[in-house]
Amino acid sequence: MTLIDLANPSRFLALAGRILPWLVAVTVFVLAIGLYQSATAPDDYQQGATVKIMFIHVPNAWLSMFVWGVMSIAALGTLVWRHPLADVAAKTAVPIGAAFTFLALLTGSLWGRPMWGTYWQWDARLTSVLVLFLMYLGLMALWRAVEDPSRAARAAAVLTLVGSINIPIIKFSVNWWNTLHQPASVLRMGGSTLDRAFLIPLLVMAIGFTLLFLTLHIAAMRNEILRRRVRTLQMLQASKSAA
């Protein structure tokens, strides 16, 4: 089945119904392994047990940017290719991305207090992630404020593409400016600087959180399609009653 085949919402619903139970099972299995490995990982010689916040913080931080990337592709699908599911994918990804970003900010703050001596600092990395969170909230407000789904989709797509400028700023902020946040230690030229005892649980947790996003996103898309069908039926019924 190709992406064009999935442009048909009925085919998407049928496929989602088949894969979601398997996806839920795989997600729970991978996250269980990741949590076990994270709990049994050794303490860091400098950070002690607080290093284990990394296993939650880093996957959420990665997903906060990844979800915006998915929304940017969906925005192109709305504005350029007019894919029938593009705006559904974009709209349903927003609250999930906001949740990942909030968790990244929260766990980063809890991690920063013992490491930096403060919960918050207006430095480039932290501020740019906060801007990302506010942009997610702005998109959620936009989808709620505009009643016409087509107009809301186009406006949200433009705002998403404009907001994508912030993603490379978040990624490279630690290289462009002096920040409290440490430079990249996993996705970097020359390979990861993390010891395998930390790297493997972190990668497993990252895979688990990515699967969690896919599961939540597909389920949310299915619910949104069904909600729109119910809304269409209600409008047809109302127009018949008025006639």
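How far apart are the mean positions of the positive and negative charges of the protein? I looked this up first. The 19 positive and 9 negative charges have mean positions 8 Å apart. Lys and Arg count as positive, Asp and Glu as negative, with His and the chain ends not counted. Each charge is placed at NZ of Lys, CZ of Arg, CG of Asp or CD of Glu.

I note that this is a predicted model, where local features need pLDDT of at least 70, side-chain atom pairs count only at pLDDT 80 or more, and totals for chains, interfaces and linings use all residues. Residues are numbered from 1 along each chain as its sequence is written, and side-chain values use heavy atoms, leaving out hydrogens and water.

Next I looked up the elements. I find seven helices and zero strands (DSSP runs, H or I of at least four residues for helices, E of at least two for strands, numbered from the N terminus). The C-alpha atoms fill a box of roughly 75 × 35 × 30 Å along the principal axes.

I then checked burial. Of the 243 residues, 39% are buried (under 20% relative accessible area, 1.4 Å probe, protein chains only).

Last, I looked up T215. I place T215 in helix α7, residues 196-242. T215 counts as buried because its relative accessibility is 9%. A polar atom of its side chain lies 2.9 Å from the backbone oxygen of L211. Leaving aside residues up to four places away in sequence, T215 touches L20, L23, V24 and T27 (contact means heavy atoms within 4.5 Å).

Conventions:
Buried < 20%, exposed > 50% of the residue type's maximum accessible area, 1.4 Å probe, protein only. Polar contact = N/O pair within 3.5 Å; in protein donor to acceptor, adjacent residues only side chain to side chain.
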